[in-house]
Amino acid sequence: MANISSTYKNPEKTFVWFIEGDKVGIATTEGDGSTSNTGKGELKAVVLGSGNQIQNGLLISYIAEPDKLTSITGTIDIDNNLQPALIDYVKAKALMDAAARTDNPNIAQIRMASAQQCMLNYKEAVRRFGMKKNDKTGGTRAVVPADMR
Amino acid sequence: MAAIEFTGKEIYSRVLQAVPDVSENYVLNLINEALIDMGRYYSKYEYAKTDLINDQLWYNLDDDRAITVNKVMRCSILNSDGEYIKIPRLTNADLKITHTD
(Lines give C-alpha, C1' and ligand atoms only; values in the text may rest on other atoms or scores of the structure.)
Protein backbone atom coordinates (compact mmCIF):
# COMPACT_ATOMS: atom_id res chain seq x y z
CA MET A 1 0.00 0.00 0.00
CA ALA A 2 1.29 3.43 -0.92
CA ASN A 3 0.44 6.35 1.33
CA ILE A 4 -0.90 9.45 -0.39
CA SER A 5 -1.97 12.84 0.97
CA SER A 6 -5.61 13.76 1.25
CA THR A 7 -6.85 15.99 -1.57
CA TYR A 8 -10.37 16.30 -0.18
CA LYS A 9 -11.19 19.97 0.38
CA ASN A 10 -14.70 19.66 1.82
CA PRO A 11 -15.36 16.05 2.82
CA GLU A 12 -18.47 17.14 4.76
CA LYS A 13 -20.17 17.73 1.41
CA THR A 14 -19.03 14.61 -0.41
CA PHE A 15 -18.65 11.85 2.18
CA VAL A 16 -21.22 9.88 4.17
CA TRP A 17 -21.04 7.12 6.78
CA PHE A 18 -23.50 4.44 7.76
CA ILE A 19 -23.68 1.30 9.85
CA GLU A 20 -24.53 -2.15 8.58
CA GLY A 21 -24.19 -4.97 11.13
CA ASP A 22 -20.75 -4.72 12.75
CA LYS A 23 -19.25 -2.65 9.94
CA VAL A 24 -19.11 1.06 9.27
CA GLY A 25 -19.47 2.05 5.61
CA ILE A 26 -17.66 5.09 4.20
CA ALA A 27 -18.90 6.28 0.81
CA THR A 28 -18.15 9.33 -1.29
CA THR A 29 -19.33 11.11 -4.40
CA GLU A 30 -15.76 12.27 -5.14
CA GLY A 31 -13.56 10.57 -7.72
CA ASP A 32 -14.49 8.60 -10.80
CA GLY A 33 -14.84 4.82 -10.48
CA SER A 34 -14.98 4.55 -14.30
CA THR A 35 -18.35 2.79 -14.55
CA SER A 36 -21.80 4.24 -15.18
CA ASN A 37 -22.78 3.72 -11.53
CA THR A 38 -19.52 4.80 -9.92
CA GLY A 39 -18.90 8.06 -11.80
CA LYS A 40 -18.40 11.42 -10.13
CA GLY A 41 -21.51 12.30 -8.11
CA GLU A 42 -22.47 8.70 -7.34
CA LEU A 43 -21.99 7.30 -3.84
CA LYS A 44 -19.30 4.61 -3.87
CA ALA A 45 -16.20 3.44 -1.98
CA VAL A 46 -13.31 5.92 -1.99
CA VAL A 47 -11.34 6.18 -5.23
CA LEU A 48 -7.65 6.81 -4.55
CA GLY A 49 -5.95 4.81 -7.29
CA SER A 50 -5.01 1.15 -7.12
CA GLY A 51 -2.93 0.24 -4.06
CA ASN A 52 -3.22 3.69 -2.49
CA GLN A 53 -4.40 4.72 0.96
CA ILE A 54 -4.60 7.85 3.09
CA GLN A 55 -2.85 7.07 6.34
CA ASN A 56 -5.08 7.84 9.35
CA GLY A 57 -7.61 9.28 6.89
CA LEU A 58 -10.62 8.22 8.94
CA LEU A 59 -11.34 9.25 12.53
CA ILE A 60 -14.10 7.44 14.41
CA SER A 61 -15.58 8.73 17.68
CA TYR A 62 -17.28 5.93 19.55
CA ILE A 63 -18.59 4.61 22.83
CA ALA A 64 -16.14 1.96 23.94
CA GLU A 65 -16.47 -1.10 26.12
CA PRO A 66 -14.41 -0.99 29.34
CA ASP A 67 -11.13 -2.92 29.10
CA LYS A 68 -11.13 -6.50 30.34
CA LEU A 69 -9.63 -7.09 33.78
CA THR A 70 -6.91 -9.71 33.26
CA SER A 71 -5.56 -9.92 36.80
CA ILE A 72 -7.19 -9.56 40.22
CA THR A 73 -4.53 -6.95 41.09
CA GLY A 74 -5.28 -4.87 37.97
CA THR A 75 -7.07 -1.49 38.05
CA ILE A 76 -10.64 -1.51 36.81
CA ASP A 77 -11.33 0.54 33.69
CA ILE A 78 -14.43 2.44 34.79
CA ASP A 79 -15.03 5.79 36.37
CA ASN A 80 -14.73 5.84 40.18
CA ASN A 81 -18.32 6.90 40.65
CA LEU A 82 -19.47 3.61 39.13
CA GLN A 83 -17.34 1.40 41.41
CA PRO A 84 -20.10 0.95 44.02
CA ALA A 85 -22.37 -0.29 41.23
CA LEU A 86 -19.72 -2.79 40.14
CA ILE A 87 -19.40 -4.10 43.71
CA ASP A 88 -23.18 -4.46 43.87
CA TYR A 89 -23.26 -6.46 40.63
CA VAL A 90 -20.48 -8.84 41.69
CA LYS A 91 -21.96 -9.32 45.17
CA ALA A 92 -25.44 -9.97 43.71
CA LYS A 93 -24.17 -12.68 41.35
CA ALA A 94 -21.95 -14.26 44.02
CA LEU A 95 -24.83 -14.33 46.52
CA MET A 96 -27.19 -15.85 43.92
CA ASP A 97 -24.71 -18.65 43.18
CA ALA A 98 -24.09 -19.17 46.91
CA ALA A 99 -27.84 -19.39 47.52
CA ALA A 100 -28.13 -22.05 44.81
CA ARG A 101 -25.30 -24.09 46.37
CA THR A 102 -26.54 -24.25 49.96
CA ASP A 103 -28.72 -27.05 51.35
CA ASN A 104 -30.18 -24.84 54.06
CA PRO A 105 -33.37 -23.15 52.77
CA ASN A 106 -33.20 -20.39 55.40
CA ILE A 107 -29.67 -19.36 54.41
CA ALA A 108 -30.62 -19.61 50.74
CA GLN A 109 -33.54 -17.26 51.32
CA ILE A 110 -31.40 -14.71 53.17
CA ARG A 111 -28.77 -14.79 50.43
CA MET A 112 -31.36 -14.40 47.68
CA ALA A 113 -32.88 -11.41 49.47
CA SER A 114 -29.41 -9.82 49.77
CA ALA A 115 -28.68 -10.63 46.12
CA GLN A 116 -31.90 -8.98 44.99
CA GLN A 117 -31.14 -5.85 47.00
CA CYS A 118 -27.63 -5.65 45.50
CA MET A 119 -29.00 -6.13 41.97
CA LEU A 120 -31.61 -3.44 42.59
CA ASN A 121 -28.87 -1.03 43.70
CA TYR A 122 -26.84 -1.89 40.59
CA LYS A 123 -29.74 -1.37 38.20
CA GLU A 124 -30.60 1.95 39.79
CA ALA A 125 -27.00 3.17 39.71
CA VAL A 126 -26.16 2.13 36.17
CA ARG A 127 -29.34 1.85 34.16
CA ARG A 128 -31.41 4.58 35.73
CA PHE A 129 -28.92 7.16 36.94
CA GLY A 130 -25.61 6.02 35.42
CA MET A 131 -25.45 8.60 32.67
CA LYS A 132 -26.52 11.44 34.95
CA LYS A 133 -24.05 10.53 37.68
CA ASN A 134 -21.26 9.99 35.21
CA ASP A 135 -21.83 13.12 33.11
CA LYS A 136 -19.08 15.47 34.25
CA THR A 137 -19.59 18.28 31.77
CA GLY A 138 -23.14 18.16 30.45
CA GLY A 139 -26.55 17.65 31.99
CA THR A 140 -28.95 19.87 33.84
CA ARG A 141 -27.38 22.38 36.19
CA ALA A 142 -30.60 23.92 37.45
CA VAL A 143 -34.28 23.31 37.03
CA VAL A 144 -36.48 26.33 36.44
CA PRO A 145 -39.95 25.66 37.85
CA ALA A 146 -42.91 26.51 35.68
CA ASP A 147 -44.63 29.78 36.37
CA MET A 148 -48.05 28.72 37.66
CA ARG A 149 -49.65 32.18 37.57
CA MET B 1 -5.32 11.35 40.77
CA ALA B 2 -8.48 9.85 42.15
CA ALA B 3 -8.90 9.45 45.88
CA ILE B 4 -9.35 5.73 45.48
CA GLU B 5 -8.34 3.60 42.51
CA PHE B 6 -10.11 0.31 42.78
CA THR B 7 -8.39 -2.90 41.81
CA GLY B 8 -9.92 -6.34 41.54
CA LYS B 9 -8.51 -7.08 45.01
CA GLU B 10 -10.72 -4.43 46.64
CA ILE B 11 -13.82 -5.83 44.98
CA TYR B 12 -12.76 -9.33 46.01
CA SER B 13 -12.36 -8.28 49.65
CA ARG B 14 -15.83 -6.74 49.60
CA VAL B 15 -17.38 -9.88 48.12
CA LEU B 16 -15.64 -12.05 50.74
CA GLN B 17 -17.63 -10.23 53.43
CA ALA B 18 -20.86 -11.44 51.88
CA VAL B 19 -19.74 -14.80 50.48
CA PRO B 20 -16.62 -16.05 52.34
CA ASP B 21 -15.75 -19.09 50.21
CA VAL B 22 -15.40 -17.65 46.67
CA SER B 23 -12.17 -17.80 44.68
CA GLU B 24 -10.30 -14.86 43.12
CA ASN B 25 -10.77 -16.29 39.63
CA TYR B 26 -14.54 -16.56 40.14
CA VAL B 27 -14.72 -12.90 41.22
CA LEU B 28 -12.49 -11.87 38.29
CA ASN B 29 -14.94 -13.50 35.89
CA LEU B 30 -17.88 -11.76 37.58
CA ILE B 31 -16.11 -8.38 37.34
CA ASN B 32 -15.61 -8.88 33.59
CA GLU B 33 -19.25 -9.90 33.22
CA ALA B 34 -20.23 -6.69 35.04
CA LEU B 35 -17.97 -4.59 32.81
CA ILE B 36 -19.63 -5.99 29.68
CA ASP B 37 -23.06 -5.21 31.11
CA MET B 38 -22.00 -1.71 32.22
CA GLY B 39 -20.50 -1.06 28.78
CA ARG B 40 -24.00 -1.05 27.34
CA TYR B 41 -24.98 1.92 29.52
CA TYR B 42 -21.78 3.58 30.66
CA SER B 43 -20.39 6.09 28.16
CA LYS B 44 -16.66 5.79 27.70
CA TYR B 45 -16.00 8.03 24.72
CA GLU B 46 -12.91 7.28 22.67
CA TYR B 47 -11.38 8.09 19.30
CA ALA B 48 -9.57 5.88 16.83
CA LYS B 49 -7.90 6.56 13.51
CA THR B 50 -7.64 4.16 10.61
CA ASP B 51 -6.39 4.30 7.04
CA LEU B 52 -8.76 5.25 4.25
CA ILE B 53 -8.14 2.54 1.66
CA ASN B 54 -8.82 2.66 -2.05
CA ASP B 55 -12.03 0.86 -3.12
CA GLN B 56 -12.85 -0.25 0.44
CA LEU B 57 -16.39 0.50 1.55
CA TRP B 58 -16.51 -1.43 4.85
CA TYR B 59 -14.40 -0.89 7.97
CA ASN B 60 -14.80 -3.62 10.57
CA LEU B 61 -16.02 -3.02 14.11
CA ASP B 62 -15.86 -6.66 15.29
CA ASP B 63 -15.25 -7.46 18.95
CA ASP B 64 -11.92 -9.10 18.09
CA ARG B 65 -10.40 -5.81 16.91
CA ALA B 66 -7.84 -3.80 18.88
CA ILE B 67 -10.64 -1.47 19.92
CA THR B 68 -14.10 -2.59 21.07
CA VAL B 69 -16.73 -0.27 19.67
CA ASN B 70 -20.19 -0.36 21.23
CA LYS B 71 -21.66 2.53 19.29
CA VAL B 72 -20.25 4.83 16.62
CA MET B 73 -21.06 8.46 17.39
CA ARG B 74 -19.24 10.36 14.66
CA CYS B 75 -16.98 9.83 11.64
CA SER B 76 -14.52 12.40 10.28
CA ILE B 77 -12.35 12.46 7.16
CA LEU B 78 -8.91 14.00 6.86
CA ASN B 79 -9.01 16.95 4.44
CA SER B 80 -6.23 18.55 2.38
CA ASP B 81 -5.44 20.98 5.24
CA GLY B 82 -4.78 18.15 7.69
CA GLU B 83 -8.05 18.68 9.59
CA TYR B 84 -10.59 16.02 10.48
CA ILE B 85 -13.97 17.11 9.14
CA LYS B 86 -17.16 15.54 10.47
CA ILE B 87 -19.19 13.85 7.74
CA PRO B 88 -22.95 13.26 7.77
CA ARG B 89 -24.58 9.93 8.50
CA LEU B 90 -26.54 8.31 5.69
CA THR B 91 -29.58 7.05 7.56
CA ASN B 92 -31.14 4.86 4.89
CA ALA B 93 -27.79 3.28 3.81
CA ASP B 94 -29.11 3.39 0.24
CA LEU B 95 -26.19 2.75 -2.08
CA LYS B 96 -26.46 1.47 -5.64
CA ILE B 97 -23.17 -0.41 -5.51
CA THR B 98 -23.04 -3.53 -3.35
CA HIS B 99 -19.71 -4.46 -1.80
CA THR B 100 -19.18 -7.87 -0.29
CA ASP B 101 -15.61 -7.54 0.98
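Asp55(B) sits in the loop between β1 and β2 of chain B. The model is predicted. In it, the phi of Asp55(B) is near 60°. That is a positive value in a residue other than glycine. Most residues other than glycine have a negative phi. Is Asp55(B) buried, exposed or partly exposed? Asp55(B) has 17 C-beta neighbours inside 10 Å. A buried residue needs 20 or more, and an exposed one has 12 or fewer. Asp55(B) therefore counts as partly exposed.

Strand β4 of chain A covers residues 52-64. Its partner is β1(B), and 9 bridges join the two. They run antiparallel. One pair can be picked out: Ile54(A) has Leu52(B) of β1(B) as its bridge partner.

Where does Ile4(A) lie? The residue is in the loop between β1 (2-3) and α1 (11-14) of chain A. Now look along the chain to Ile78(A), 74 residues away from Ile4(A). The C-alpha atoms of these two residues are 38 Å apart.

A further link between the chains is a sheet. How many strands does this open sheet have, and in what order? There are 3, ordered β2(A)-β3(A)-β2(B), and the pairing is antiparallel. The edges are β2 (15-20) of chain A and β2 of chain B, each of which pairs on one side only. On average, neighbouring strands of this sheet are turned by 25° against each other, direction ignored.

Within that sheet, follow the pair from chain A. β2(A) and β3(A), the latter spanning residues 23-28, share 6 bridges in the antiparallel sense. Glu20(A) faces Lys23(A) of β3(A) as its opposite number. Phe15(A) stands opposite Thr28(A) in β3(A). The two strands form a hairpin with 2 residues between them. In that hairpin Gly21(A) takes a positive phi near 60°.

Now turn to chain B as a whole. Its secondary structure comes to 2 helices and 4 strands. From the N terminus the order is α-α-β-β-β-β. Chain B has 101 residues, of which 24% are buried.

Take the helices next. α2(B) runs over residues 24-39, which is 16 residues. From first C-alpha to last, α2(B) reaches 22 Å. That is close to the 22 Å expected at 1.5 Å a residue. The buried residues of α2(B) are Val27(B), Leu28(B), Leu30(B), Ile31(B), Ala34(B), Leu35(B), Met38(B) and Gly39(B).

How do the two helices of chain B meet? Two packed helices are described by the angle between their axes and the distance between the axes. The axes of α1(B), residues 8-18, and α2(B) come within 10 Å. They cross at roughly 110°. Angles of 65 to 115 degrees count as roughly perpendicular, so α1(B) is roughly perpendicular to α2(B). On the α1(B) side, the contact uses Gly8(B), Ile11(B), Tyr12(B) and Val15(B). On the α2(B) side, it uses Glu24(B), Val27(B), Leu28(B) and Ile31(B). By type, these residues divide into 6 nonpolar, 1 polar and 1 charged. Val27(B), Leu28(B) and Ile31(B) are also on the buried list of α2(B).

The last stop is the interface. 74 residues of chain B are in contact with 72 residues of chain A. Which elements of chain B give two or more residues to this side? They are α1, α2, β1 (44-53), β2 (58-60), β3 (69-78) and β4 (84-86) of chain B. The largest share, 12 residues, comes from α2(B). What types of residue make up the side of chain B that touches chain A? They divide into 43 nonpolar, 15 polar and 16 charged.

Notes: Residues numbered from 1 in each chain as written. Chains lettered and ligands numbered in written order. Predicted model: local features only at pLDDT ≥ 70, side-chain atom pairs only at ≥ 80, totals over all residues. Expected span 1.5 Å × (residues − 1). Axes fitted to C-alpha atoms, helices over the stretch in contact; angles between N-to-C directions. Parallel < 35°, antiparallel > 145°, perpendicular 65-115°, else oblique. Contact = placed C-beta atoms within 7 Å. Nonpolar A, V, L, I, M, F, W, Y, C, P; charged D, E, K, R; others polar. Pairing = 2+ DSSP bridges.
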